[in-house]
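Here is a short report for a reader meeting this structure for the first time. Take a look at the model before reading on.

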Amino acid sequence: MTTARHRTRLRWEIAIVLALSFGASAVYAIVSIVERLTRETALSQQTATINRPLSDRPIFDLVSQLLSFAFGLAPVALVVYLLWSNSRPHLSRLGLGRPMHGGPRWWGRETGGGVLLAAAIGIPGLAFYLFAKAIGINTTVVPTALDAAWWTVPLLVLQALRAALGEELIVVAYLFERFRRLGVGPWATIVASALLRGSYHLYQGFGGFIGNVIMGVVFGWAYQRWGRALPLIIAHWILDIVSFAGYPLALALWPALFGAPAG
């Protein structure tokens, strides 16, 4: 039974974890969308870049990007530490590890589920992005502005992994476990997680917010239904790899759809 004192500690713990991760990102994103809306340039004529160079010298850009990847996983390490179980599977409270009734190939089934989930989210998500951009409620999202180098694609794969691990283990698995202990209902938890996911994408515009809220509801429902985080991580990783690494190809093939506004 969770005492009142323990619930207070849990609330403080959640606040600290979010302040070190996606809660802070949400605040910055809200400030960003307000700043964008107060510009003279229409929202649809603005761009939002996700992966940008951190130095104009390639070797230092690579080092800085790798440091960003490593330190960006610190909040993930924190929730792993907080929810670590002494008994196997150690990460069961984060929906990871061999399930109790899983066979020897459980990871293959969960990976396949992640691929299917990526397809179910990715195709409608791309259509919604183009629609939101066309009606003027979204910026032009530039997934990467990194210069082409031998390490660019591997780095983008790593950055996609960081995003997948961070969002699915903190915004879904961690929050679901902690909200359950606080007595929050399943659908209230799903909605809260989805709204948080949407809020830290507001820097992209209202289309980014709406699309990610929908994604958050789907991912949250799937986690509530099966309690497994690996399919969500795989799906998110695939979506971001396609977005990050596929952007130059999409820009070359369909510049009018994916290119930044002129001027």
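**The whole chain**

This is a predicted model. The protein chain has 10 helices and 2 strands. Read along the sequence, these elements follow the pattern α-α-β-α-α-α-β-α-α-α-α-α. The radius of gyration is 19 Å, close to the 18 Å that the globule rule gives for 263 residues, so the chain is as compact as a globular protein of that length. Along its principal axes, the C-alpha trace spans about 60 × 40 × 35 Å.

Buried residues make up 43% of the 263 residues. Among contacts with a separation of 6 or more, 75% are between residues 24 or more positions apart.

**Helices α6 and α8**

Two packed helices are described by the angle between their axes and the distance between the axes. Helix α6 covers residues 152-181, and helix α8 covers residues 206-226. They pack at an angle of about 45°, and their axes are 11 Å apart. An angle of that value makes α6 oblique to α8. Their crossing is right-handed.

Which residues of α6 and α8 make the contact? From α6 come Glu-168, Val-172, Ala-173 and Phe-176. From α8 come Met-215, Phe-219, Gly-220, Tyr-223 and Gln-224. By type, the residues of this contact divide into 6 nonpolar, 2 polar and 1 charged.

**Two residues to look up**

Is Gln-159 buried or exposed? Gln-159 lies in helix α6. Its relative accessibility is 4%, so Gln-159 counts as buried; the cut-off for buried is under 20%. Leaving aside neighbours within four places in sequence, Gln-159 is in contact with Asn-51, Gln-65, Ser-68, Phe-69 and Phe-244.

Gly-183 sits in the loop between α6 and α7 (186-199). Gly-183 is exposed, because its relative accessible area is 63% and the cut-off for exposed is over 50%. How far apart are Gly-183 and Thr-2 in sequence and in space? They are 181 residues apart in sequence, and 9.0 Å apart in space, C-alpha to C-alpha.

The table sets out the accessibility of these residues.

| Residue | Relative accessible area | Class |
|---|---|---|
| Gln-159 | 4% | buried |
| Gly-183 | 63% | exposed |

Technical notes:
Residues are numbered from 1 along each chain as its sequence is written. This is a predicted model: local features need pLDDT of at least 70, side-chain atom pairs count only at pLDDT 80 or more; totals for chains, interfaces and linings use all residues. Side-chain values use heavy atoms; hydrogens and water are left out. Axes are lines fitted to C-alpha atoms, for helices over the stretch in contact, and angles run from 0 to 180 degrees between N-to-C directions. Helices (H or I, at least four residues) and strands (E, at least two) are DSSP runs, numbered from the N terminus. Angles under 35 degrees count as roughly parallel, over 145 as roughly antiparallel, 65 to 115 as roughly perpendicular and the rest as oblique. A crossing is left-handed if the near helix is turned anticlockwise from the far one by less than a right angle, and right-handed if clockwise. Contact means heavy atoms within 4.5 Å. Ala, Val, Leu, Ile, Met, Phe, Trp, Tyr, Cys and Pro count as nonpolar, Asp, Glu, Lys and Arg as charged, and the others, Gly among them, as polar. Buried means under 20% relative accessible area, exposed over 50%, partly exposed in between (1.4 Å probe, protein chains only). The radius of gyration is taken over C-alpha atoms; the globule rule is 2.2 Å times the number of residues to the power 0.38.
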